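Visitor: I would like to learn how to read the inside of a protein model. Can we take it feature by feature?

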Amino acid sequence: MAIDIDRQPDLAREWNVEATPTLFVLDAAGEVAAEVVGALPANELGSLLRRFAGGLDTGVLPGEVEVTRTSASSALTYRPKGFRGRSICFSHVGYGPLKIPSQSVFQALRSGIQPRTPSTLSRGEHELRGRLTWANMWANDNDRFSPSTDEFGRYFIDFETLEGAVAYAYGLSDVLEIEVELEQRWRFGGAMDGFIQGFHDLIGVGQNGRDLVPRNDFRLVLDPSAGLQPPVDLGAESAGLFSRTLLLTFQHNVTCGTSTWPAVSYAIGARTSIGGTPGLEGRDFDAAVSLAASRRFGNVYVYLTLGYAWYGSETYYDIELERQQLTVLAASEWRFKPRMSLVLQYLYAEGAAVEFGPFSEPSNEVVVGLKWEPTSAGVLEVGLIENVVTFDNSPDFGIHAGWTQRF
């Protein structure tokens, strides 16, 4: 009988399986008569089985368990310890990408649902997660941007956001898990402007108007009608908490993969607003589905997730919003130490606004980060966020930190 220890971690622990392949030869009473770890050459394995079969014929079985052996030509896969020690699908799933939803200006209004990846949470296992993401937003209509004459064109965005979330997940079985997450977002004047301007000067990049306005200010000007109607103009009085949502997700880990095929999972999520976002109109209910795959190549794990969301909100200060959105998450994780990985990920999300310049274009966000397991079953993640391709519809810069604990 063959056992998939990726799918049956409880049975693997019961038999103290630490690496695959492992072969147990049992006597008539179900006791272990021989144990082989690794792939023995055919002649040695045949000799072992013949000796065991001979013992059955004579009624005299080997008097002791074989010494654990590993063939020099056998590539062993060892069960992980700590965070993934009780996990499923460990062969093709590592620590995973950093838990960062889109931070772009209009995506953040509705807290874009982050695409999920295959999980390693097993039956009866709990996971508690907390995260903070601090991002700087800057965008201006270069053609008509003249702060000295109070002219800002169709849009001017200058503030920072802080996103905080806590989540709890539980393994209903070795294939199904449930998760609930509370997320909040704040906006404020911030403190990154000086650092960003200094960095731009250091590498010889233009300030794109940053040096024409006060540092660490809060300003949001939106004028989609180009002067035909009074623009939305928010200042420091609009700083503070602007979004609070509750998200419930069910995830099914379909397969842990094979030597050829990746691990695959899908997820279904629903979210409701429990605090409201000023200026955002429509129903406070969103839904999303995602399909994810991951595969290991040596010490590198590769992740790909497609997500699709349906939003209840329709407008933001009379600016029409898209009701559906496609997202793509691609990531790679290099496990360069047993309990430490470097992560590079890219998040693509369709534009959220309808016919409103760059905010109708996709956001493109790149994150480089580190995952480290300093204590058993506890993982720290840190990351830096950068915008690429679509600068006005992506965060200018961001910092992320999070902690995940399993028990």
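Visitor: Leaving aside its neighbours within four places in sequence, which residues is I157 in contact with?

Guide: Contact means heavy atoms within 4.5 Å. On that basis I157 touches V105, M137, W138, A139, R219, L220 and F359, once neighbours within four places in sequence are set aside. A word on the source: this is a predicted model, where local features need pLDDT of at least 70 and side-chain atom pairs count only at pLDDT 80 or more, while totals for chains, interfaces and linings use all residues. Residues are numbered from 1 along each chain as its sequence is written, and side-chain values use heavy atoms, with hydrogens and water left out.

Visitor: How many residues does the largest nonpolar core have?

Guide: A nonpolar core is a set of buried Ala, Val, Leu, Ile, Met, Phe, Trp, Tyr and Cys residues joined through side-chain atoms within 4.5 Å. Buried means under 20% relative accessible area, with a 1.4 Å probe and protein chains only. Here the largest core has 22 residues. Those with the most contacts inside it are F106, I157, L220, L222, Y316, F356 and F359. Helix 3, strand 5 (126–140), strand 6, strand 8 and strand 9 (232–234) each give two or more residues to this core. Helices (H or I, at least four residues) and strands (E, at least two) are DSSP runs, numbered from the N terminus. Another core, of eight residues, lies apart from it and includes I88, C89, V93 and A263.

Visitor: Which residue does a disulfide join to C89?

Guide: A disulfide is a pair of cysteine sulfur atoms within 2.5 Å. C89 is joined to C256, S to S 2.1 Å. A search of the whole structure finds one disulfide. C89 sits in the loop between strand 4 (77–78) and helix 3 (105–109), and C256 in the loop between strand 10 (240–255) and strand 11 (263–273), so the pair ties together parts 167 residues apart in sequence. The S-S torsion is about -70 degrees, so this disulfide is left-handed. C89 is buried at 1% relative accessible area, and C256 is buried at 3%.

Visitor: What residues line the second largest cavity?

Guide: Rolling a probe the size of a water molecule over the atoms shows where empty space is left. On a 1 Å grid over the protein atoms alone, a cavity is a set of points where a 1.4 Å probe fits but cannot get out, and lining residues have an atom within 4 Å of a point. Among the residues lining the second largest cavity are V105, F106, M137, L220 and Y316. Helix 3 supplies the largest share, four residues.

Key. Buried < 20%, exposed > 50% of the residue type's maximum accessible area, 1.4 Å probe, protein only. 1 Å grid on protein atoms, 1.4 Å probe; cavity = no way out; pocket = protein on both sides within 12 Å on 5 of 7 lines; lining within 4 Å.
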